[in-house]
Amino acid sequence: QVQLVESGGGLVQAGGSLRLSCAASGSIYSINTMGWYRQVPGKQRESVATITSSGLTNYADSVKGRFTISSDNAKNTVYLQMNSLKPEDTAVYYCRFRDVFRSSDDYWGRGTQVTVSS
């Protein structure tokens with residue numbers, strides 16, 4: 001089992017920055033992909049950014065150039081640096097750790113609220 005704990009959410013004005021962190025504990029030896037997702041009420045959860053264990057990253061078009069995902073393997077932590085925030089970035093942000101080859105190894109955090117005021 002893997003436990004994920006997110007932190008760093010909050011309220012920020014448009015144009016501001018936040019840094020989200022997601023710390024993992026437990027049996028993460030099989031994890032090869034980590035990512036951040038977000039969800040607003042009434043909409044499907046969407047991928048924001050992902051990073052593989054080898055460092056390959058992928059971003060949603062809506063956040064390219066503004067958000068940066070990174071990981072610290074020694075600390076079992078993944079980060080999301082969010083700059084130039086917009087009101088439309090307001091959502092609950094979830095981290096996800098998984099083994100893309102094993103559907104049973106797929107873990108989610110409980111989420112952290114990010115609110116961007118205009």
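Me: How many positive and negative side chains does the protein have, and how far apart do the centres of the two sets lie?
Reply: There are 12 positive and 9 negative side chains, with centres 2 Å apart. Lys and Arg count as positive, Asp and Glu as negative, while His and the chain ends are not counted. Each charge is placed at NZ of Lys, CZ of Arg, CG of Asp or CD of Glu.

The model is predicted: local features need pLDDT of at least 70 and side-chain atom pairs pLDDT 80 or more, whereas totals for chains, interfaces and linings use all residues. Residues are numbered from 1 along each chain, and side-chain values use heavy atoms, without hydrogens and water.

Me: What secondary structure does the protein have?
Reply: Zero helices and 11 strands. Helices are DSSP runs (H or I) of at least four residues, and strands (E) of at least two.

Me: What share of the residues counts as buried?
Reply: 42% of the 118 residues, where buried means under 20% relative accessible area with a 1.4 Å probe, protein chains only.

Me: Which residues of the largest nonpolar core touch the most other members?
Reply: Trp 36, Leu 80, Met 82 and Tyr 93, out of 29 residues. Such a core is a set of buried Ala, Val, Leu, Ile, Met, Phe, Trp, Tyr and Cys joined through side-chain atoms within 4.5 Å. Strands giving two or more residues include E4 (33–39) and E8 (77–82).

How values were computed: Buried means under 20% relative accessible area, exposed over 50%, partly exposed in between (1.4 Å probe, protein chains only).
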